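Subject: The structure you asked about

Hi there,

My notes on what turned up follow just below it.

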Amino acid sequence: MSRPDFKKLKQEIKKRRKLGKDVTDNTTYNENSLWSYNNNKFAIAGKTCDRLPAGMYKCYITMEGQRIFEQKEVETDQLIQIEDSTSHDIIEEIKEFWKIRDRFTERGFLHKRGFLLSGPPGGGKTATINIVVDTIINEYDGIVIYINDPTTIANCIEDLRKVEPERPLVAVMEDIDDLIHAYGETLFLALLDGEHQINNIVFIATTNNPDRLQDRVRKRPSRFDTVVYIQMPDENMRRTYLQEKEPTLTDKELERWVLLSEGLSIAHLKEVIILVKCFGKDIEEAIDRLKNFDITVEEQKYQDSKKPKIGFNMHS
């Protein structure tokens with residue numbers, strides 16, 4: 001049997017990751033086959049490596065019960081971290097957390113932290129998570145796991161900790177209210193409470209509707225130790241974002257855009273740039289279109305409800 005080309009394999013893995021020029025792959029790939037065993041049963045393990053490459057993963061369990069970490073490409077817009085913002089404070093707190101593990105250990109505490117981000121859609125929750133993901137991968141050589149089924153994730157993390165007990169780990173739960181509705185509250189509370197004894201981990205959850213979460217979820221330290229509301233970007237945040245994303249704007253144009261875009265989200269600001277600079281729309285037209293978007297959607301729903309239905313009405 002021919003020997004696998006592990007040099008080529010590593011190159012392909014790095015190419016798939018697309019995590020940036022500064023990322024270093026510290027994983028050792030073993031080109032010698034090893035034996036795996038369970039009780040008195042042995043099988044060829046095939047290709048092995050001593051650690052997961054730093055990156056973002058989706059976890060699932062196969063029909064045979066094997067726990068799989070599938071690496072996903074990290075594809076985000078260029079990240080902008082704005083000083084003196086709520087998002088910036090969260091990033092700095094997480095960075096500090098990784099430095100003080102010994103203080104937790106000395107007191108017999110699990111080294112874990114939970115962050116719950118709430119706020120209107122487009123306000124910056126996902127952007128904050130993207131910065132955390134970028135930081136944990138590129139600065140801490142860590143692992144990011146996106147959570148759906150809490151039982152599956154708990155089992156996969158247990159496997160990870162058997163091989164790599166010290167690896168920095170971030171577990172992301174976007175729209176946690178929807179996840180709890182789908183899988184039940186009890187399983188998520190067990191995961192957050194540390195019943196699985198998961199150490200050296202940060203949980204980050206988001207919700208657009210914090211009122212959908214019970215107090216035992218959002219108001220219980222050690223589940224979510226830091227609960228923050230990320231509001232729509234203020235004048236300074238809008239100015240910084242527009243300046244970074246569209247440096248061709250003159251000072252006069254920039255201030256005009258900042259003034260006109262009051263009340264818009266980061267997602268809206270991105271669309272303003274696309275409409276004006278990519279599609280050639282006028283700035284007032286672009287702003288008006290976005291500010292009236294919700295109204296337009298509701299009007300369309302109303303008009304659709306008045307349209308005659310195709311089919312037959314049965315009358316008794």
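A polar contact here is a pair of N or O atoms within 3.5 Å, and within protein one of them must be able to donate a hydrogen and the other to accept it. Please keep in mind as you read that this is a predicted model.

With that cut-off in hand, have a look at the start of helix 12, where a side-chain oxygen of D282 comes to within 3.0 Å of the backbone nitrogen of E284. Helix 12 itself covers residues 283-291, and its buried residues are I283, A286, I287 and L290. Viewed down the helix axis, these buried residues fall within an arc of 95°, so they line one face of helix 12.

The largest pocket holds about 820 Å³ of space. Its lining is made up of 19 residues, and the closest to the pocket centre are Q66, R67, I68, D159 and V163. Strand 1 (29-38), strand 2 (41-49), strand 4 (67-72) and helix 5 (150-163) are the elements that each give two or more residues to this lining. Which element gives the largest share of the lining? That is helix 5, with 4 residues.

Searching the whole structure gives 1 cavity of 30 Å³ or more, and the volume of the largest cavity is about 40 Å³. Lining this cavity are I91, I94, K95, W98, V132, T135, I136 and Y140. Helix 2 (86-99) and helix 4 (125-138) each supply at least two of the lining residues, and the largest share, 4 residues, comes from helix 2. By class, the cavity lining has 6 nonpolar residues, 1 polar and 1 charged.

Last, a strand pair. Strand 5 (residues 112-118) and strand 9 run parallel, joined by 4 bridges. Within strand 9, V227 is the bridge partner of L116. In a regular strand the side chains alternate between the two faces of the sheet. Strand 9 (residues 226-229) has T226 and V228 on a covered face, while V227 and Y229 are on an uncovered one.

Happy to go through any of this with you.

Best wishes

Methods
Residues numbered from 1 in each chain as written. Predicted model: local features only at pLDDT ≥ 70, side-chain atom pairs only at ≥ 80, totals over all residues. Heavy atoms only, no water. Buried < 20%, exposed > 50% of the residue type's maximum accessible area, 1.4 Å probe, protein only. Pairing = 2+ DSSP bridges. 1 Å grid on protein atoms, 1.4 Å probe; cavity = no way out; pocket = protein on both sides within 12 Å on 5 of 7 lines; lining within 4 Å. Points joined across faces, edges and corners; volume = space filled by probe spheres on them. Arc of directions from axis to C-beta. Nonpolar A, V, L, I, M, F, W, Y, C, P; charged D, E, K, R; others polar.
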